[in-house]
Amino acid sequence: MMRLMRLSWLILLLAALAVRPAWAQGPRPPTDDEVNAIARKLYCPVCENTPLDVCPTQACAQWRSLIRQMLAEGKTEQEIVQYFVDNYGARVLNEPPRQGFHWLAYLVPPLAILVGVAIVVQAFRAMKRPGPAAPTARSDQEALLDEYLLRLEEELRRQR
Amino acid sequence: MAETMSSPVRRSVPIWAQVLIWSALVVLLMVIGIVLNRRSEGNIQVGNRIPDFTLPLFSGYESNDQSEIRFSDLRGKVVVINFWASWCKPCELEAADLQAAWEYYRPTGQVIFLGVNYVDTEPEARLYLQKFGITYPNGPDLGTRISQLFRISGVPETYFVDKNGVLRYVRVGPFTSLEEIQRQVDLLLAE
Amino acid sequence: MLAEFGYGILLVTFLLTLYCISAALLGALNKSLALVESARRAMFLTFPLLSLSALALVALLLRGDFNVQFVYEVTSRSMPIYLKITAWWGGQAGSLLFWSWLMSAFTALAAMRRWDRDQEFLPWVLVVSGGTLAFFLALNVFFENPFARLYRLPDGTIGGYTFQPALSTPVYPSDGRGLNPLLRHPGMIIHPPMLYLGFVAFVIPYAFAIAALVTGRTDDRWIRITRRWSLWAWLFLSLGLVLGGRWAYDVLGWGGYWAWDPVEIAAFMPWLTGTAFLHSVMIQEKRGMLKQWNMVLIILTYSLVIFGTFLTRSGVLSSVHSFAQSAIGPAFFVFIGVTFALSVGLLIHRWGDLRAEAEMKSLLSREALFLLNNLLFISILIVCFWGVIFPLISELVTGQKVTVGPPFYERANAPLFAALMLLMGVAPLSAWGHSTVQTLGRALWKPAVGALLITLLLYFTYTRNAIALIGFFLVALVVLVAVYEFWRGARARQRAQQENFFQALIRLIARNRRRYGGYIIHLSMMMMAIGILGIELFQTETQGTLGVGEELSLQGYRLVYRDVARWDDLAGGVNHTRAVVELYRGERYLTTLAPRIDFYYDAQQNMTIPGVRSTLADDVYVLLLYWEPVSAQGATFKLYVNPLVNWLWLGSLVFLLGVIVAAWPERDPEPASVRVPRSARQTSSAD
């Protein structure tokens with residue numbers, strides 16, 4: 001399957017190489033911006049954690065020219081991204097693919113946050129019903145007042 | 001201190017929570033520990049059996065007219081696996097030597113060279129192969145699976161595997177002469 | 001000789017630290033004040049000793065003694081003197097020594113305070129901070145000796161060794177490899193020290209927290225002692241992060257300041273817990289609540305500080321920032337594991353003693369909102385931590401690497417940050433103890449209406465982007481609330497004291513530094529938020545290859561390519577390629593920019609330095625991507641327009657002001673709060 005796909009790609013690429021001057025006269029060669037728009041979503045394994053559109057290595061320059069070539073052949077963004085995933089693995093994507101094990105990447109944080117919420121709610125309840133031994137060291141009336149206003153007024157009284 | 005002593009009820013952390021906290025901690029440390037261990041190991045270690053892998057081959061660079069090559073089918077031969085890329089300058093230093101070594105051993109039928117093309121684009125890779133007149137089986141490292149298997153740290157890297165599929169020698173960086181390659185291969189052939 | 005001297009001192013300091021720890025431990029267990037005092041003196045001594053060692057290293061760097069491995073790796077003859085000095089923290093071994101040096105300075109400073117009221121804390125503070133110091137010194141002594149010399153072994157390999165191996169010969173390279181060009185930027189000169197200052201300063205509050213746990217003195221004494229430490233630590237950490245962003249903006253050449261790179265996140269995570277900590281300690285001080293939680297936060301902060309250093313220094317992650325890989329990973333791993341497990345164990349042991357002294361009255365009270373704020377910070381932490389860890393897990397489980405990039409973090413964190421901003425708007429208006437919807441609503445409606453009006457105005461004049469409008473609404477709300485608070489307080493004073501408004505305002509701030517410093521910090525955060533919203537939501541870019549006289553246009557700007565030149569700066573060992581471009585707005589000439597590419601011969605590396613025209617409205621950021629003298633094609637430029645990004649940098653200045661206001665030592669802060677009996681203390685100590 002993979003092999004077939006690769007073969008067909010190869011033929012297409014070779015064809016593209018052969019007819020290179022042709023697309024120059026075609027509708028319009030892809031602009032740098034169109035190339036970058038796709039490249040910025042990809043990560044080349046050679047320079048990890050640097051998006052392809054700004055990565056200065058030779059490998060990345062080659063990738064960008066490959067994108068340009070595929071755009072010139074009329075490939076859609078999705079097809080181009082898929083080509084890179086097939087050839088270089090899911091790590092070229094800017095986030096884990098939503099499938100199989102990788103779902104964990106998306107599921108764990110919300111679940112953990114929910115657990116956090118549950119803990120806070122629980123703590124809230126516990127704090128509203130203080131245990132029998134909990135001493136209320138700080139008087140509540142005092143807490144009712146905004147402390148700084150209290151101080152402010154106190155100060156004013158003193159100075160008058 | 002006095003406060004602590006006077007309080008009759010000490011609500012401590014429930015056992016289940018303690019178990020949970022500690023096991024989470026252990027799991028986390030284990031993950032980091034294993035990764036750290038792998039990182040510090042670097043490449044796959046000499047003396048290990050190489051796990052099986054399949055290398056799809058560029059057309060024109062097939063082996064016995066097969067469009068892909070299975071590593072386990074090569075048992076009984078000495079295998080030299082070279083990771084390279086067309087954007088890699090140091091690779092160019094050794095390319096001609098590797099080809100010369102391949103031509104030297106090819107008639108014996110006991111040695112096979114495999115070129116694994118790492119994170120490369122096919123047109124440039126083909127130009128590179130043509131430029132150095134390389135004829136031994138070459139193919140792309142689809143999905144960077146093979147390079148992850150070998151845990152390569154860069155290109156070029158060359159792995160020498162004996163007739164039983166056991167890794168015997170790793171070269172990180174380019175070879176500087178044909179003799180260097182021959183010395184390693186001859187050692188394995190002599191066994 | 002100097003190298004041996006430096007290493008000798010390092011070794012002596014290490015042993016001295018070990019002595020300090022054991023003496024403090026023994027002193028605490030046997031209740032021997034003399035031993036503890038001896039430990040304290042030993043701790044004093046570490047700072048001058050490490051300073052000597054550091055001086056030796058700097059002298060070696062300046063002298064260009066390339067026989068010393070570290071000097072060989074981070075300097076070269078062509079580097080200017082200031083860079084030779086700052087190369088001290090430009091490599092693994094040196095930056096570990098730098099860490100230790102800062103740590104010893106802070107510990108000595110902490111040991112210097114008056115301990116008469118907190119005798120029981122002293123030995124444990126010494127044990128914890130001394131233990132951390134000893135660990136970092138051990139890394140230098142056993143794994144990464146900055147004074148190691150280069151020797152050639154009989155088999156021809158060259159390596160750095162502390163002691164000359166048998167049969168080897170010393171190697172004297174004629175020149176060094178030179179500092180990584182990325183690190184030669186002024187931002188890089190202050191960014192790591194700031195970050196490290198922040199990291200190291202957080203060790204002190206942690207040490208006090210552990211001392212409180214061990215001694216069982218679970219009141220809020222440890223928090224009161226370390227409040228300013230935490231604030232300064234937080235200031236340095238925050239500035240370190242901002243400077244790192246500025247550095248990335250200026251030298252990495254990707255038109256941005258933050259890429260959610262694992263190493264950036266590693267420094268961001270302790271900031272998150274630290275910020276949560278700064279807020280939640282206030283609840284403990286005012287209401288005696290959340291004692292357990294504060295312990296959790298400070299333990300997390302400490303562990304994340306060490307974890308952050310570990311991530312950057314061990315090479316576990318691959319990242320643009322991983323300047324160094326080495327064998328210290330396992331040592332770090334064991335240290336983090338042991339300290340974290342011990343802290344958690346201790347906390348569980350004392351959990352029951354850390355009960356709240358007051359009850360939570362209302363969901364809208366200040367303390368409840370602070371709790372919510374903590375929850376949000378922890379949620380962001382969870383997202384970040386998981387994003388950093390997940391690729392490691394995935395690689396283990398599936399054998400395939402994955403990238404967790406900006407979209408992941410942005411999607412998850414944006415709503416959390418928005419909720420934080422909402423809290424920042426509401427919380428200052430709610431009262432301690434209890435608030436009701438009515439009281440809060442009465443205080444809030446005016447700023448809310450104001451913010452809504454501003455948003456409407458923006459809708460008609462600036463943008464219709466919904467996310468941006470929500471963001472700007474929240475910014476406006478927080479700003480109006482903070483300004484309203486200043487105004488309310490100043491007016492109250494003004495009426496009562498017959499001062500003019502500004503006098504009243506200044507005095508108000510001076511008398512309530514922490515509160516109003518906090519509001520200034522909130523305002524600065526909003527300035528930064530404006531910058532972040534601007535660049536994240538409205539950044540545009542275009543790229544093109546131009547012949548001389550041709551132009552590139554974007555967002556009404558026109559960039560005209562005039563000239564390019566390439567020359568060697570032999571003294572600096574750099575090859576410059578510098579383009580001259582003119583920037584126009586429509587037909588109006590604005591300025592001439594000179595983006596350039598610097599090629600460093602010693603490091604064989606390119607740097608892409610942007611040409612930037614910066615205003616409050618936007619930055620025009622031009623990169624020269626490619627030019628070859630032989631190519632007739634012309635030069636390739638990339639042009640970014642980054643709206644509002646300057647507010648980010650300006651905000652950081654205001655931030656600095658806010659923290660200084662909040663953290664500046666008051667004339668006589670401590671005695672008043674302690675000598676007075678407990679019940680009376682509540683009002684007098686509320687600053």
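**Entry 1: a hairpin in chain B**

I began at Phe160(B), which stands opposite Tyr169(B) in strand β7(B). This is a predicted model, so I read every entry here as a description of a prediction. Next I looked up the two strands themselves: β6 of chain B covers residues 157-161, and β7 of chain B covers residues 167-172. How many bridges link β6(B) and β7(B), and in which sense do they pair? I found 5 bridges, in the antiparallel sense. Between the strands of this hairpin sit 5 residues. Gly165(B) takes a positive phi there, near 80 degrees. A reminder to myself: strands of a sheet pair through backbone hydrogen bonds, either parallel or antiparallel.

**Entry 2: a sheet in chain C**

I then turned to chain C and found an open sheet of 3 strands, ordered β2-β1-β3, with antiparallel pairing. Its edge strands are β2 (158-161) and β3 (169-170), each of which pairs on one side only. Strand β1 of chain C, residues 149-152, is joined to β3(C) by 2 bridges. Which residue of β3(C) does Tyr151(C) face? I noted Pro170(C) opposite Tyr151(C).

**Entry 3: chain C as a whole**

I stepped back to see the rest of chain C. I counted up its secondary structure as 21 helices and 13 strands. The chain has 687 residues, and 63% of them count as buried. I also checked the contacts in chain C with a separation of 6 or more: 71% of them come from residues 24 or more positions apart. The chain exposes about 25,500 Å², with carbon and sulfur atoms supplying 66% of that area.

**Entry 4: the cores**

Which residues touch the most other members of the largest nonpolar core? They are Trp99(C), Trp222(C) and Trp234(C), in a core of 223 residues. I followed up Trp222(C): leaving out residues up to four places away in sequence, its contacts include Phe121(C), Pro205(C), Phe208(C), Phe277(C) and Met295(C). Gln284(C) and Asn294(C) are also among the residues Trp222(C) touches. Apart from that core lies another, of 74 residues, including Ile38(A), Leu52(A), Val79(B) and Val155(B).

**Entry 5: a patch on chain A**

Last, I went to the surface. Trp103(A), Leu107(A), Leu111(A), Leu114(A), Val117(A) and Val121(A) form a nonpolar patch there, with about 540 Å² of accessible area together. Is Leu111(A) buried or exposed? Its relative accessible area is 52%, and the cut-off for exposed is over 50%, so Leu111(A) counts as exposed.

Definitions and conventions
Residues numbered from 1 in each chain as written. Chains lettered and ligands numbered in written order. Predicted model: local features only at pLDDT ≥ 70, side-chain atom pairs only at ≥ 80, totals over all residues. Heavy atoms only, no water. Patch = residues over 30% accessible without salt bridge, like charges linked within 9 Å, V, L, I, M, F, W, Y side chains within 5 Å. Areas by Shrake-Rupley, 256 points an atom, 1.4 Å probe, with all protein chains shown as cover. Salt bridge = Lys/Arg side-chain N within 4 Å of Asp/Glu carboxyl O. Buried < 20%, exposed > 50% of the residue type's maximum accessible area, 1.4 Å probe, protein only. Core = buried A, V, L, I, M, F, W, Y, C linked by side-chain atoms within 4.5 Å. Contact = heavy atoms within 4.5 Å. Pairing = 2+ DSSP bridges. Helix = DSSP H or I, 4+ residues; strand = E, 2+ residues; numbered from the N terminus.
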